[in-house]
Amino acid sequence: MHVAYWVLAVLLAVFYAYSGGKKLVQDRDRLRPMMGWVDQVPMARVRAIGAVEVLGALGLLLPPLTGVAVGLAVAAAIGLALVQVGAGALHLSRGEVREIGLNVALLVVAAVAAWAAASLV
């Protein structure tokens with residue numbers, strides 16, 4: 001179970017560190033080609049989502065690596081799953097039904113990572 005957790009955690013952490021990092025540092029014009037929804041959301045919220053994603057990525061890795069507050073890995077995985085629930089809702093509200101495939105996949109991976117992280121506690 002530990003190996004499964006680390007595989008999922010590293011994959012999710014890489015994805016969210018990249019995606020969240022882009023939201024934190026790039027302007028609206030640079031984000032728009034990949035994330036058309038940024039025009040409908042205030043940039044402060046885009047930055048907040050980016051911060052949550054980067055913190056979630058760190059939360060998946062640092063607590064189990066350090067052995068300190070390992071339960072935070074479960075919370076991080078659940079938080080990232082909830083981010084995808086919100087992302088899926090946003091896409092559906094915009095009529096982007098075909099866009100939610102990635103959200104569903106990330107939601108499932110984050111849920112499995114939360115379950116696997118519980119075995120580390």
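## The largest pocket

A pocket, as the word is used here, is an open set of grid points where a 1.4 Å probe fits, with protein on both sides within 12 Å along at least five of seven lines, and its lining residues are those that have an atom within 4 Å of a point. In this predicted model, the largest pocket holds about 640 Å³ of space and is lined by 27 residues, of which Lys 23, Trp 37, Ala 87, His 91 and Asn 103 lie nearest its centre.

## Where the lining comes from

Helix 1, helix 3 (43-66), helix 4 (71-93) and helix 5 each supply at least two residues of the lining of the largest pocket, and it is helix 4 that gives the most, with seven residues.

## Packing of helix 1 against helix 5

Helix 1 (residues 2-25) and helix 5 (residues 100-118), which both contribute to that lining, also pack against each other, at an angle of about 135° and with their axes 9 Å apart. Angles over 145 degrees would count as roughly antiparallel and those from 65 to 115 as roughly perpendicular, and helix 1 and helix 5 are therefore oblique to each other. Their crossing is left-handed.

On the side of helix 1, the contact is made by Tyr 5, Leu 8, Leu 12, Phe 15 and Tyr 16, which meet Leu 102, Leu 106, Val 109, Ala 110, Val 112, Ala 113, Ala 116 and Ala 117 in helix 5. The residues of this contact divide into 13 nonpolar, no polar and no charged.

Definitions and conventions. Residues numbered from 1 in each chain as written. Predicted model: local features only at pLDDT ≥ 70, side-chain atom pairs only at ≥ 80, totals over all residues. Heavy atoms only, no water. Axes fitted to C-alpha atoms, helices over the stretch in contact; angles between N-to-C directions. Helix = DSSP H or I, 4+ residues; strand = E, 2+ residues; numbered from the N terminus. Parallel < 35°, antiparallel > 145°, perpendicular 65-115°, else oblique. Left-handed = near helix turned anticlockwise from the far one by under 90°. Contact = heavy atoms within 4.5 Å. Nonpolar A, V, L, I, M, F, W, Y, C, P; charged D, E, K, R; others polar. 1 Å grid on protein atoms, 1.4 Å probe; cavity = no way out; pocket = protein on both sides within 12 Å on 5 of 7 lines; lining within 4 Å. Points joined across faces, edges and corners; volume = space filled by probe spheres on them.
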